[in-house]
Amino acid sequence: MKKYLLKRILLIVPTFIGITLITYLMVRLAPGDYTTLKAGLQGELRAGSVGMEILEQERKLYGLDKPIIVGYADWLGSFMVLDFGTSRKDGRPVSTRIADALPITLALNIITIIIVYIISIPVGIITSVKKDSAFDRVVSLVMFILYSLPAFWIGLLLLMYFSGGEYLNIFPLGGIMSDWAEEPGFWRKLLDIAWHLVLPVVTLTYGSFAFLSRYTRANMLEVINQQYITTARAKGLSEARVVFVHAFRNSLVPLVTLMATLLPGLLGGSVIVESIFSIPGMGMLAFESILARDIPVIMAIAAISALLTLVGILIADLMYALVDPRIRLESRI
Amino acid sequence: MSTGYWRSVIKEFSRNRLAVAGLVVVCLLFLVAIGAPLIANSKPYIYVSEGRVCFPVFHMPGDLRGKDLRKKEFTGFKLFPPIRYSYSEYDLDAIVLPPDSRHYFGTDEQGRDLAARMVYGTRVSILVGFIAVSIYVLIGIIIGAVAGYYGGIVDIIISRFIEIVMCFPTFFLILTILALVGPSLVSVMVVIGLTGWTSIARIVRGEFLKLREVDYVTASRALGARDYWIILRHILPNSLAPVLVSATFGIASTILIESSLSFLGFGVQPPTPSWGDILSQSRDFMDFAWWLTLIPGFAIFITITSYNLVGEGLQDSLDPKSVKKRV
Amino acid sequence: MILRIPEIKGVLVTAVLLAALVCGCARMTPPREADALYLHLGAEPGTLNPITATDAYAATINEHIYENLVERDYDTLEIVPRLAERWTISPDRLRYRFYLKKGVRWSDGVEFTADDIVYSFRALKDPKTASAQLKVYYIDVKDVRRISRYVVEFTYSRPYFLALEFCGGIPIVPEHIFNDGTDFNTHKNSRFPVGTGPYLFSRWDTGKKIVLVRNDKYWGKKPEIRKIVYKLVPEINVALQMLKKGELDVMSLRSIQWVRQTGTEKFNSNFYRLKYYLPRYNYIGWNARSELFSDKRVRRAMTHFIDREAILNKLLFGLGRIVTGNFYIESRSYNRDLEPWPFDPEKGKALLKQAGWSDTDGDGILDRNGKKFSFTFTISSGSKFGERLTSILKEDLSRAGIEMNINRYEWAVFVNKLNSRDFEAVTLSWSLGYGGDPYQLWHSSQTERGSNFCNFSNREADAIIEAARMEFNEDRRTRMYHRFHEIIHEEQPYTFLYSTPALVAVSRRFDNVKVHKRGLNYLEWKVKGK
């Protein structure tokens, strides 16, 4: 077991280098670089601000004239000592920019996951128990439809109809917080943030109910048909005990391992939702940085996502193996 | 794989009414995509005047080139397609108008007929869906097959590689590659194809690992059959089922990705109409131009739903366990 | 005790009630502050350091915090004193001496002196400073010297008619803050500006807003409005909704918004709608290096094929004026005698025929020596105007027998293409200063590596530009520029399109909102009822 763990951890290193190197390569090779943004913003150029000397000088300043391998090595070296560099856009440390955007995305994702779990699991359990009933069929249909609705469309519609001044004016037009003259009390602030997050969270959650509820349902079904359930029933246990204590417990395992794979997703913001609701999260940060060729930020995000994904996979595999002795670790490489 | 198996699959599938409905919609979309120039065109199917007959939709005679045959001055017998506008013709007098008797779906920011653009948008969706998925199914099968069949060190290396690609947050990866090559219809298809193969590869690899040790494979080997023959004749057809299901769902998700990319401005280039692109342009007029938001969104929804229904239907009918259920 | 449907209903109802409660409570957000001005920010500035900032947003904000030695009068556009009380110019026009106002203090209390100017200039010219966009303007400034505590002198290497404007307009940062050994580019005060102006920087909530408060110790006339809040709203349609809801007070509108979404009586009773022209214009640039557009006749023909009137009326709802040349349309340098080339496809075809283009093979596309008249139009993906313009052009040109393809690139890639001259036709806009020196854009020395990316090169124009730079007599210089304008009109390196006005909606909560030649002056606005 220990040997396996060690082997897997060691294997993370080359994978990580592979991912970050490829990312760096792509961004360096991409046409245009940060210096071109000095010329002006979208569409309008300031007279005299486009010129080769200007850009070459800037390029040297940012180390973009060094060959790719050197550039990558520099970055890797800094990364090892946790120096993420400074963002090209505003000169602030990358860690600060990420620290600004991360809590927002984290909060959104955690709330989303909680809500999805709270709704999907009971639904999954119930539909597995009431298999093929009208309830099961209706729920399946609803879930299915929700799954097929494109998120950006729904987000737009929600924004338009529930917060625009033209129709219903229940929710704010975006952002995380309202403008406060003085710092409000803790609860007020929390309520305000919650109010702002309702629409984005709805947009993020509705599509995921389908998968998780079906997954739960499938696992429950598998377990319910097992012998020990029949035994439990024969022993005269109440239906509730049978379902919750025995069946559900045993189908928990895949659910928990599923959570491990959610780890990397936690830090990834949805560019689309953030764009529609003007939320300054990780998604917008990544998107803007790609457009601006802000290499330090892009690399930091890529590196962190990669690490988390790799760790997430490792944990998931470990849990799988731990929980189901039938699966041999070696074969899961 | 005997034809009996597939026949029972088809029978199973046709019993699932929703799946069949989905399939019907998919076929309809296909037809619309192929027949787009015949559905929405400013040129008539047939034009008879001064004793000669021509079919402007297919070929515009030299003297009429550049002329708008819809005008009253062109007398004679004219038969027009149901939507009398081409997808790129603009009319600056008719900017952002609601649906009416002339423009069935209204117009966009340049006075272009939305119905015509929706019809042509089908082409983009279908094209991207099929080609991207074909690309990644091919890649996935090859990679998965090689990894699964040979096992050992080959498998370890390839699995590492699969892991690397899976680790990239997909959207991020797509955006980065598109920044590298420049967004366009072709690059979007290729990029989605290059990033989506991992699940297929894993499925195929899994199947191969399982089936490697199955009896008839061992028997074939004992009989001296070559590797690739075994792969082609025995293993692949068995793995086809889950691949097919995954691919169908893949088309739905590809269409979603393409619309999202176009929505962000990173997809298809103007003036090629893409539903996602129309949606993104509708943002500015959200407060009054409901047709620009509702119609393309609904189209995307219906398309994705149909593919998902077909996928579900395939999954149910291909899964031996559920076949038993229905008996 | 399995959950039955009634139980589920119960849970759902509770959830809905909870949500309603949340909304209800949250609705008790405070009303916006009555005496604050809420302005719209379309994108976040990278930095508020006036020497390294490159975007217009930073410039807008810094305008209220930092001051320059001189400024342009809001109505006459003349150079008037600001931080400098007066100045003298040496007879050879090479030395500019500014006498600073005494007693002006930075917002942290330290006095403003000539040392700040000397430091700012050195920082700007320092090769390590990311100020390339400014360095270009100060190439001819040889030196800046402190003569005494309140007197500073700029020395030019060559006489230049805009010298006063440039020296007087140099961005000034506090030396005692920035000169502390840390890197200038990433100095922490880039995010916390300290200035001498009528407003003080208060806070910057990243991704949300930037707040300024009135400087009650300001040396000049204090503004009425106590607080300015710049709200970051990247989505322009969301910003419009916020404006209507009262969460924003001022917003720049697009022409279609002006016409279709803000034309109602209700809107007008709550908002002023103001229109004024800034020195900027948009155009189609033809790359004279490309095979097709190296011929002046072809460029002229293209201008004839484009129905500028119709596009202006339909696409921009008539909000704009067709321009024929490079100068600010309200300035004297603009040659009003020149009429724009009319929309005349027949004339265009005739010109092309002269240049050897005609449809010899009957396929509907013009050709010459076996090559078709087909070109690629390059636009940037964020430019709505570009997209619409090119869609229209493609149709129009195809009727004239010209095949046009559209290539859309992200902004970063697009600028790259401009720099490497890798394009045939582009559409862009230039935002000019009021000075009007065409050197950067039109002199042949700027074709390789400068802003003259369409490769315009004309000996007479070059001579005029060089001579005009040293011509201090305005009448003579105006005549020279009129001749220059004629040359450009003849050569059509660009098809000049329009000067579009700023279209601004302002809440009627404010009084004394006047439109000056320079635009709007927030400093004079008063809150109604106060």
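In what order do the four strands of the open sheet in chain C run?

The order is E4-E5-E7-E6 in chain C, and the pairing is antiparallel. At the edges sit strand E4 (84-89) and strand E6 (141-148) of chain C, each of which pairs on one side only. If you look along this sheet, neighbouring strands are turned by 20° against each other on average, with direction ignored.

Let's zoom in on one pair. Strand E5 of chain C, residues 95-100, runs antiparallel to strand E7 of chain C, residues 151-156, and five bridges join them. Now bring in a helix: H3 of chain C, residues 114-125, lies across E5, E6 and E7 of chain C. The helix runs at about 160° to E6(C).

Now let's step back to the whole of chain C. How many helices and strands does chain C have? There are 17 helices and 26 strands. The chain has 530 residues, and 44% of them are buried. Its C-alpha atoms fill a box of roughly 85 × 80 × 45 Å, taken along the principal axes. Among the contacts in chain C between residues at least 6 apart in sequence, 66% join residues at least 24 apart.

The next thing to know is how chain C is divided.

Is strand E19 of chain C, residues 425-431, mostly covered or mostly open? Mostly covered: six of its seven residues are buried. E19(C) has a partner in strand E13 of chain C, residues 280-286, with an antiparallel pairing over seven bridges. Within E19(C), Ala425(C) is the residue opposite Trp286(C). E19(C) also pairs with strand E17 of chain C, residues 374-380, this time in the parallel sense and over two bridges. There, Thr378(C) has Val426(C) in E19(C) as its bridge partner.

Let's move on to where chain C meets chain B. The contact takes 23 residues from chain C and 21 residues from chain B. On the chain C side, the elements that each supply at least two residues are helices H7 (236-245), H8 (255-261), H11 (308-315) and H13 (384-399), together with strand E18 (403-409). Which of these gives the largest share? That is H13(C), with seven residues. By class, the side of chain C that touches chain B has seven nonpolar, seven polar and nine charged residues.

So what does chain B itself look like? Its secondary structure comes to 13 helices and three strands. Of its 327 residues, 47% count as buried. Among contacts in chain B with a separation of 6 or more, 68% are between residues 24 or more positions apart.

A word on confidence in chain B: the mean pLDDT is 82, and 88% of the residues reach 70 or more. Among the elements of chain B, helix H2 (residues 17-34) has the highest mean pLDDT, 90, while helix H13 (residues 320-326) has the lowest, 49. Over residues 323-327 of chain B, pLDDT stays under 50, and the model has one contact beyond four places in sequence for that stretch. Where pLDDT is low, the predicted coordinates should not be read in detail.

Reading from the N terminus, a helix comes first, then the strand, and then helices for the rest of the elements. Of the 333 residues of chain A, 42% count as buried. Among contacts in chain A between residues at least 6 apart in sequence, 71% join residues at least 24 apart.

Technical notes
Residues are numbered from 1 along each chain as its sequence is written. Chains are lettered from A and ligands numbered from 1 in the order in which they are written. This is a predicted model: local features need pLDDT of at least 70, side-chain atom pairs count only at pLDDT 80 or more; totals for chains, interfaces and linings use all residues. A residue is buried if 20 or more other C-beta atoms lie within 10 Å of its own, exposed if 12 or fewer, and partly exposed in between; C-beta atoms are placed from the backbone. Two residues are in contact if their C-beta atoms, placed from the backbone, lie within 7 Å. Ala, Val, Leu, Ile, Met, Phe, Trp, Tyr, Cys and Pro count as nonpolar, Asp, Glu, Lys and Arg as charged, and the others, Gly among them, as polar. Two strands pair if DSSP finds at least two bridges between them. Axes are lines fitted to C-alpha atoms, for helices over the stretch in contact, and angles run from 0 to 180 degrees between N-to-C directions. pLDDT is the predictor's confidence in each residue, from 0 to 100.
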